[in-house]
Number of protein chains: 2
Amino acid sequence: MTAPSLPLVPLPASVTLTDAAPYRPADPDDLHLTVTVDASTGGPESSSLQVTERGIRIMAADPAGAFYARQTLAQLETDGVYPAVEIQDAPRFRYRGVMLDVARHFQPVETVRAYIDHAASLKFNHLHLHLTDDQGWRIALDSRPELTEKASGTSALGDPGGYYAQADWTAILDHAASRHMTVVPEIDVPGHTHAVGVAYPGLVADPVISDHILETAEAFGGGIPTRGFPYTGFAVGFSSLKHDDPAVDAFLADVFGELAAITPGPYLHIGGDECLGTDPADYAAFVEKATAIVAAAGKIPVAWHEAGAVAGIHPSTVGQYWNFVQPQEGQDAPARAFATRGGLILSPADVAYLDMKFDALSPLGLVWAKGVTTLRDAYDWEPTAILDGVGEQQILGIEAPLWSETARDLGDLEQLAFPRIGAIAEIAWSPAAAHDWDSFAARIAGLVPRWRSAGIRIP
Amino acid sequence: MTAPSLPLVPLPASVTLTDAAPYRPADPDDLHLTVTVDASTGGPESSSLQVTERGIRIMAADPAGAFYARQTLAQLETDGVYPAVEIQDAPRFRYRGVMLDVARHFQPVETVRAYIDHAASLKFNHLHLHLTDDQGWRIALDSRPELTEKASGTSALGDPGGYYAQADWTAILDHAASRHMTVVPEIDVPGHTHAVGVAYPGLVADPVISDHILETAEAFGGGIPTRGFPYTGFAVGFSSLKHDDPAVDAFLADVFGELAAITPGPYLHIGGDECLGTDPADYAAFVEKATAIVAAAGKIPVAWHEAGAVAGIHPSTVGQYWNFVQPQEGQDAPARAFATRGGLILSPADVAYLDMKFDALSPLGLVWAKGVTTLRDAYDWEPTAILDGVGEQQILGIEAPLWSETARDLGDLEQLAFPRIGAIAEIAWSPAAAHDWDSFAARIAGLVPRWRSAGIRIP
């Protein structure tokens, strides 16, 4: 449907190239461009864009729609010339997210700002920040200053750490809002909490030392986790908050309560994944407690899909599915349970995790999901075909997480994310009927040189 | 796509009539019927149904899907013969509701049971019960026994009242569950609360006496509302809970807390409509407070669409839109605000309110929405075309309310509901692409004699 000469990613809902003469503005910084925002013209984030010889007209349903039409426009332009087109555009899914893990490797505000710009240019509208994990606590909370004072100094691989002071947090929120992105902060409980124990050794259980810990230490370094001391390895699932301890309840109330107060968006993510160090009954009690606190604090809880098995989870909770396009044994049932709660965000690790290796020889990235995840892997999947019982009506949206075991800085993040982030953008935004690998591959090929000249590092 | 000789309402997603011989069971009570439930076969509530000369096979994704396939099967049968068909079926929207107003005219448990059966046969899966209004309080709560002791004795038009004791409530919940329906109870606040003031005169403001009250009293009787005394008229918008009163806060906490504890489903409806007797700032504070209490009590709040204007409403709240297919001035913006919260249930009054007159000469029904609402009016609308910014991704589902100013008993409810309830069932269940008035009219015409012989009163 689209000439490959137009490098549009994600593909808009409808693109009509005309034979008319293109628009050649005399001054590239002074376009004949009219933008009208009128809610009666379509659904949320929708727009129409018309380029004629005489100039450009954007009609959008809301400011986000106008912003996305401008992103389309930027992709249309070549050497100062805009082809004559008529484009109708609207997103398939209302939640389109990217996630940065700033816990395993801390990323400064300017890196987060740059990643927001990258994601927004591809019409993503949510930035999920994984703010805490075994390797560090990354957000300053007035109620618990010890967390950043004592547990933010290091990152994975022994790299330096860091944290967002309140002014940093405000800067991130402001920049995200300016790009029509909603920030979704995550405090991961009850597992992934070794760093909590660096600040408060009394709140956590002793690490569960398994073969996985020993093998991971051998393969990647980082040592064996010890309660009260920073951990810089890659192992998962060994840490847990203590159960049935009033001091832990007070901790949960403090951190989720304060986080709710400083978060303008509707969602707070409570984690809940890979709690191998937590007894299942204790895990259920934690999930119930954490989602109840978040709901009572005026937010919609989000949790990784394992939490779906907990019958008493708050029914407004949104589930985030991280298992595979073909669910492994036992992973589908808890995820499906969100179909009748707040719905699902789909992030299948074998296609949507941007931290998977794109190339077997690169030192960047991990391989646990499917070895190498190619651009085609990232593109060729259909959200409604993954979980029985989870169709359009149950899917809130799509998210591309980027975990940072191996990603030290913006260059690493860019090399892992690009070009695969374009595939997830198209899955999240474009109509299912327009899905076509050959078309996508040609359009991405047209974008890569533009990304490179904008300074984005692409493998 | 479907031969009119098959009276299937709502139309399944795909129906293939074959030339093969039909199935003629020797004993109508002993079918050769195999039912398999296998989650891998499709989405929630989906099924396939195959009839051959040798018998019937149902393959369903879940027990609800098997139940709905049985409803299809019942519509297929004529004189003990089942035509040879292949049917694939799955719902368009996940929330498909009917509402009974048991406040203006109380309805006993057996009437609610019968209405559940009617609705479930048309593949509705939620029963919204409007349990409280100016005319009466209909559910016994241990925390507030005065509500039913003092404020449940009368109905509109001076008819007798009533209420559901806890055993009645359990009976309704059980019967609904047996028909795969989730009960959504509504306690309407801060307006529609004159009955609260009959039990607790100190909790409510004095009625706001307007021309509307006087005109309604003249047209329909029921007198002028007086604080502390039962009201049996049809007027709306005159009552309000008091603002900024700790006794009212305690009341809200008691009733929503206890209701949450005795309700198995995820939703609690807080009303919030037509609060003409409440100052707008006070109204906002009420909506914030009520939705926060419901969320903290472990439920997803639902509110009528006016509440969408309240910025501080709990973000998990689902909005129920009751204005028109062409929204009146100012009604669309608050409804649209739910697009980025819990989504919307659409109940446009001019097409989906089953209490509107079906016939200008009948004493049953009201006319305020569009005069007479015909079967064709009830059928010919598209949910995604009503509110800008509210498409498939924002619509949780569809609901057909039945307010009971003029409906005294099951016969009245049936005459108002049938056959229009079939139109709303099809809007909620069937694919948009299958929408066709001629086909629908023929199929409904095939069902009407069956409904009549089942004892349903149809005009």
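Colleague: How are chain A and chain B superposed?
Modeller: A rotation of 180° with 0.1 Å of shift along its axis puts chain A on chain B, with an RMSD of 0.0 Å. The two copies are thus related as by a two-fold rotation axis.

Colleague: What should I know about the model itself?
Modeller: This is a predicted model: local features need pLDDT of at least 70, side-chain atom pairs count only at pLDDT 80 or more, and totals for chains, interfaces and linings use all residues. Residues are numbered from 1 along each chain as its sequence is written, chains are lettered from A and ligands numbered from 1 in the order in which they are written, and side-chain values use heavy atoms, with hydrogens and water left out.

Colleague: Back to the axis. Which residue of chain A comes closest to the rotation axis?
Modeller: A:Ala296, with its C-alpha at 2.2 Å. The same surface serves both copies: 100% of the contact residues of chain A recur in chain B. Contact means heavy atoms within 4.5 Å.

Colleague: What does B:Ser316 touch?
Modeller: Leaving out residues up to four places away in sequence, B:Ser316 touches A:Ile300, A:Ser316, B:Ile300, B:Pro301 and B:Gly342. B:Ser316 sits in the loop between S12 and strand S13 (318–321) of chain B. Helices (H or I, at least four residues) and strands (E, at least two) are DSSP runs, numbered from the N terminus.

Colleague: Is B:Ser316 buried or exposed?
Modeller: Buried, at 4% relative accessibility. Buried means under 20% relative accessible area, exposed over 50%, partly exposed in between (1.4 Å probe, protein chains only).

Colleague: Which side chain does B:Ser316 join in a polar contact?
Modeller: That of B:His314, at 2.9 Å. A polar contact is a pair of N or O atoms within 3.5 Å; within protein, one must be able to donate a hydrogen and the other to accept it, and residues adjacent in sequence count only if both atoms are side-chain atoms.

Colleague: And where is B:Pro301?
Modeller: In strand S12 (residues 300–304) of chain B. B:Pro301 is buried, at 0% relative accessibility. Its contacts include B:Leu268, B:Thr291, B:His314 and B:Val318.

Colleague: New topic. Why is helix H12 of chain A largely enclosed?
Modeller: Because 7 of the 8 residues of H12 (residues 410–417) are buried. Among them are A:Leu410, A:Asp412 and A:Glu414. The cover includes strand S6 (95–101), helix H2 (109–121), strand S15 (395–402) and helix H13 (420–429) of chain A.

Colleague: What caps the N-terminal end of that helix?
Modeller: A:Asp409. One of its side-chain oxygens lies 3.2 Å from the backbone nitrogen of A:Gly411.

Colleague: And what lies between H12 and H13 of chain A?
Modeller: A loop that holds A:Pro419. A cis peptide bond joins A:Phe418 and A:Pro419, with omega about 0°. In chain B, a cis peptide bond joins B:Phe418 and B:Pro419. Most peptide bonds are trans.

Colleague: How many aromatic pairs are there over all chains?
Modeller: The count comes to 36. Rings of Phe, Tyr and Trp (its six-membered ring) pair if their centres lie within 6.5 Å; planes under 30 degrees apart count as stacked, over 60 as edge-to-face and the rest as tilted.

Colleague: Why is the pair A:Tyr379 and A:Phe440 stacked?
Modeller: The ring centres are 4.1 Å apart and the planes are at 10°, so the pair is stacked. A:Tyr379 is in helix H11 (residues 375–379) and A:Phe440 in helix H14 (residues 437–453), 61 residues apart. Both A:Tyr379 and A:Phe440 are buried.

Colleague: And why is the pair B:Tyr231 and B:Phe238 edge-to-face?
Modeller: Those centres are 5.0 Å apart and the planes are at 75°, so that pair is edge-to-face. B:Tyr231 is buried at 1% relative accessible area, and B:Phe238 is buried at 2%.

Colleague: Last one: how is chain A divided?
Modeller: Into domain 1 (14–89) and domain 2 (95–436). These bounds come from an automatic or database domain assignment. The domain centres, taken over C-alpha atoms, are 36 Å apart. In all, 9 residues of domain 1 are in contact with 11 residues of domain 2.

Key:
Copies are superposed by least squares on the C-alpha atoms of residues with pLDDT of at least 70 in both.
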